[in-house]
Amino acid sequence: MIKKIEHIGIAVQDLGKSEQLFEKLLGKKPYKKEDIQSEAVTTSFFKVGDQKLELLHASSDDSPIKKFIDKRKEGVHHIALHVESIQKEVERLEPLGFEFISTTPKKGADNKMIVFLHPKTTNGVLVELCEEI
Ligand code: ZN
């Protein structure tokens, strides 16, 4: 079952500047900053009601976020859906024709296990499924 939009991920060039920008926009500070070594990304989270904005910054040159920015510039990178069970959603969505970048969940930011759907089967939008650990 898909519960809600959990967060929206935004790829940024300069994390410090973007944190200041979103601090001004939202009137609050990020509540969490986290390095995800496996993804070569530094994340910064803002709460917006029940949802979150996740700023994503490349922490190395081979980061997928650097590749994204080189190709498409800064902007919305992915939409994350909070699901009860990644396993069940993979079993539900694959027969419907959705493709996954990998169906093996890995540890994402903010205490979540995550998988990504391939944007070619989701109207060009990278969709993350996340499950509470
Ligand atoms: Zn995310």
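Predicted model: local features only at pLDDT ≥ 70, side-chain atom pairs only at ≥ 80, totals over all residues.
**Entry 1, zinc site.** I looked up the donors of the zinc ion and found His7 through NE2, Glu54 through OE, His78 through NE2 and Glu128 through OE, at 2.0 to 2.3 Å. Along the chain these donors follow the spacing H-x46-E-x23-H-x49-E. Glu54 belongs to strand β4 (residues 51–58) and His78 to strand β5 (residues 75–83), so this pair ties together parts that are 24 residues apart in sequence. I noted both Glu54 and His78 as buried.

**Entry 2, geometry.** I then checked the angles that the four donor atoms subtend around the zinc ion, and because they run from 81 to 162 degrees, I recorded the arrangement as irregular. A tetrahedral label would need all angles to lie between 85 and 135 degrees.

I found two aromatic pairs in the structure. Phe22 and Phe46 form a tilted pair, with 6.3 Å centre to centre and 45 degrees between the planes. This pair links helix α1 (residues 15–26), which holds Phe22, with strand β3 (residues 41–48), which holds Phe46, across 24 residues. Phe22 is buried at a relative accessible area of 12%, and Phe46 is buried at 0%.

Tyr31 lies in the loop between α1 and β2 (32–36) and Phe45 in strand β3, so parts 14 residues apart in sequence are tied together. Tyr31 is partly exposed at 34% relative accessibility, whereas Phe45 is buried at 1%.

Returning to Tyr31, I found the charged end of Lys47 over its ring, 4.1 Å from the ring centre.

Technical notes:
Residues numbered from 1 in each chain as written. Heavy atoms only, no water. Donors = N, O, S within 2.8 Å, 3.2 Å for Na, K, Ca; no water. Tetrahedral: all angles 85-135°; square planar, octahedral: opposite > 155°, others 65-115°. Helix = DSSP H or I, 4+ residues; strand = E, 2+ residues; numbered from the N terminus. Buried < 20%, exposed > 50% of the residue type's maximum accessible area, 1.4 Å probe, protein only. Phe/Tyr/Trp six-rings, centres within 6.5 Å; stacked < 30°, edge-to-face > 60°. Lys NZ or Arg CZ within 6 Å of the ring centre and 35° of its normal.
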